[in-house]
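Please read this briefing alongside the sequence and the coordinates, which are shown next. It is grouped by topic for use in setting up calculations.

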Amino acid sequence: MGATHVRWREWGEAAFREAQEQDKLILLSISATWCHWCHVMDRGIPGDPVHTGTYSDPEIAELINTYFIPIRVDTDRRPDINARYNMGGWPTTVFLTPDGEILTGATYIPPMQMRQVLLQVLQYYRSNRSEIQRRAQEIARRRQEASRPVARPGAQLSWTIPMHLIGLIARAYDPVYGGFGEAPKFPHPEACLLLLVEYVRGGQRDERLAEMVRHTLHGMAEGGMYDHVEGGWFRYSTTRDWSLPHFEKMLEDHARLIPLYLYAAEVLEEEKFREAAMRALEYIQRTLYDPECGVFWGSQDADEEYYALSRRERAMRPPPAVDRTVYTNWNSQMAMALLIAADILEEDRLQEMALRNLDTVWEWTIDASTGALVHYVDIHGERADAKGVPPLLGDQIHYARAALAAFQRTGERRFMERALRLRPYLESALADPEGGGFFDRPEDPHAIGALRIRQKPLEENAAAAEFYLTLYDLMGDPRAREIAERTLLAFEQEYVKYDFAAAPYGLAVYRAITEPVRVHVIGPHEDPETRRLLRAAWRGDPFHRVVVPMDPRQDAPAIQAQGFPVDGWPVAYVCVGTRCLPPARTPEELVERLRASGQ
């Protein structure tokens with residue numbers, strides 16, 4: 001009798017050394033705790049003779065254990081591996097040479113097909129060594145070229161980029177059901193946000209932009225992609241009309257959708273959008289939040305049967321499992337979302353939750369040896385660095401952005417200090433000093449397979465540019481501005497390859513080429529009147545305004561350098577460029593000054 005289960009190895013030197021010593025192919029499975037078809041491929045669907053488990057089939061398990069080195073990777077815990085090996089979805093099933101180069105791959109493979117695939121791949125590997133080596137070298141060369149977009153000499157940032165992206169979004173827009181592209185249909189919240197930002201900038205005259213956002217958000221909130229019993233959004237719709245979702249729920253998606261819906265509710269005067277966001281907030285706090293520690297869990301599993309039940313029926317059976325892993329990047333994005341929600345809803349409780357989250361995540365994930373944040377901590381307290389995962393770009397950037405957002409809303413110095421503390425790692429370990437922009441992971445001479453070649457992810461580089469632009473606006477640091485512009489210029493031609501999914505880049509370019517409204521709030525940060533002014537400073541625009549808290553006890557030189565009096569506080573000054581309006585001493589006066597500035 002053969003083994004009845006696949007003996008999965010962890011990604012690492014030991015597994016690859018075993019493959020090389022035994023001259024065996026690697027079967028890499030990229031899975032996820034929330035992934036329905038990953039569970040089907042592992043265990044099958046009980047009572048369903050068609051969908052039996054591929055990896056629980058004894059014959060298949062025996063073939064894999066005998067002739068392959070099987071490696072299992074969780075996509076959320078290893079986004080760097082997923083970015084290089086994903087074959088178009090989850091589960092990803094990919095066959096690698098012992099050196100880690102891709103031979104072939106697919107997504108879900110049912111048992112009958114898997115037997116044939118395993119035998120065919122083995123036969124091909126044994127009979128075509130020279131061809132495999134040639135193809136592997138070609139794939140590596142193409143990967144190297146694709147990974148290093150660089151700033152073009154003489155290139156400049158201009159309105160052409162966001163306007164071009166708005167055109168791409170409009171071309172992908174589905175006028176029948178809303179959303180962008182055909183099935184499967186994903187939310188693309190940044191595409192909607194870019195349309196909204198341009199709609200507001202244009203004085204709300206282009207109703208076509210508003211209608212694309214309105215129709216899309218209604219489709220996602222009223223169709224099957226929204227959980228109308230427990231609240232919150234599922235990951236995406238398998239159908240064009242939003243009717244049939246993939247039922248997993250992700251912290252990351254809610255961190256991006258909640259602020260969009262709240263802002264759209266304000267701009268488009270749509271109360272239903274506010275209600276959808278409020279119910280999603282309730283879902284997050286009820287299901288993905290740990291009130292004891294102040295952290296958010298990663299995701300909730302898909303369970304088609306559970307989500308078909310009524311409220312009363314659901315109460316009688318356990319809900320789908322929650323991945324109790326604390327991901328640094330997703331928690332940071334959720335903290336940012338809560339800060340924006342607190343601005344719009346005027347709920348101090350949400351801001352307090354965000355600040356507590358940022359404090360806990362910092363305490364749990366900061367690595368004293370590198371000065372960087374690790375990617376995750378699991379429910380047992382095991383950290384990503386214990387599993388050999390290096391500090392990744394997304395974790396540093398999303399935390400640093402959220403920390404600056406927290407500083408701007410509270411004036412509490414620890415948040416600014418943390419953002420600045422992450423900067424050396426970003427610039428020494430991840431930055432590309434020659435071509436501009438940032439790599440997703442540090443240089444590693446011992447990296448395995450495709451990890452040897454570092455990548456520059458567009459979305460995280462856009463977030464990095466926004467972080468450095470905010471640093472410049474808060475501190476007047478010209479080096480920060482230069483880093484932001486070089487980062488964006490590295491993708492000035494590259495972004496078109498992403499089509500309308502490059503909307504985050506368009507938002508960052510928009511931020512770089514527009515003069516923000518700066519609100520200087522002068523007063524001790526613990527003074528209730530100062531806090532009221534800080535809260536009012538965010539009314540109307542939670543995304544592109546810059547609020548500069550200035551404590552007269554510590555910032556007297558900076559206050560004088562700006563030409564503001566050092567007494568008579570708390571007070572706020574609204575400035576655009578070098579022009580500042582008369583002082584505002586109450587929240588009501590500050591809101592009036594913001595209106596007078598065009599904001």
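A disulfide is taken here as a pair of cysteine sulfur atoms within 2.5 Å. By that criterion the structure holds 2 disulfides, and when the bonded cysteines of the protein chain are numbered in sequence order, the pairing reads 1-2, 3-4. The model is a predicted one, in which local features need pLDDT of at least 70 and side-chain atom pairs count only at pLDDT 80 or more, whereas totals for chains, interfaces and linings use all residues. Residues are numbered from 1 along each chain as its sequence is written, and side-chain values use heavy atoms, with hydrogens and water left out.

**Disulfides and other cysteines**

- C35 and C38 form a disulfide with their sulfur atoms 2.3 Å apart, and the link is right-handed, with 80° about the S-S bond.
- Buried means under 20% relative accessible area, exposed means over 50%, and partly exposed lies in between (1.4 Å probe, protein chains only); C35 is buried at 3%, and C38 is buried at 2%.
- The other pairing joins C575 to C580, with an S to S distance of 2.0 Å, and the torsion about its S-S bond is about 105°, so this disulfide is right-handed.
- C575 counts as buried at 3% relative accessibility, while C580 counts as partly exposed at 36%.
- Two further cysteines can be described by accessibility: C192 is buried, with a relative accessible area of 0%, and C293 is partly exposed at 25%.

**The sheet with β16 to β19**

- Helices (H or I, at least four residues) and strands (E, at least two) are DSSP runs numbered from the N terminus, and two strands pair if DSSP finds at least two bridges between them.
- An open sheet of 4 strands has the order β17-β16-β18-β19, with mixed pairing, and its edge strands, β17 (546-550) and β19 (579-580), each pair on one side only.
- Strand β16 (residues 517-522) runs parallel to β17 and is joined to it by 5 bridges; I522 has M550 in β17 as its bridge partner.
- Helix α20 (residues 528-536) packs on the sheet, touching β16, β17 and β18 (571-576), and its direction makes about 175° with that of β16; contact means heavy atoms within 4.5 Å, and axes are lines fitted to C-alpha atoms, for helices over the stretch in contact, with angles running from 0 to 180 degrees between N-to-C directions.

**Helix α15**

- Helix α15 (residues 393-410) has 18 residues and reaches 26 Å from its first C-alpha to its last, close to the 26 Å expected at 1.5 Å a residue, where the expected span is 1.5 Å times one less than the number of residues.
- Of the 18 residues in α15, 17 are buried, and just after the helix G411 takes a positive phi of about 75°.

**Loops and backbone geometry**

- The peptide bond from A183 to P184 is cis, with omega near -10°, and P184 is found in the loop between α7 (160-172) and α8 (189-201).
- H188 also lies in the loop between α7 and α8; H188 has a positive phi of about 50° although it is not a glycine, and it is partly exposed at 23%.
- The peptide bond from W569 to P570 is cis, with omega near 0°, and P570 is in the loop between α21 (556-561) and β18.
- D23, in the loop between α1 (13-22) and β1 (25-31), has a positive phi of about 50° although it is not a glycine, and D23 is partly exposed at 37%.
- T97, in the loop between β3 (92-96) and β4 (102-106), is buried at 9% and touches L25, I26 and I132, not counting residues up to four places away in sequence.
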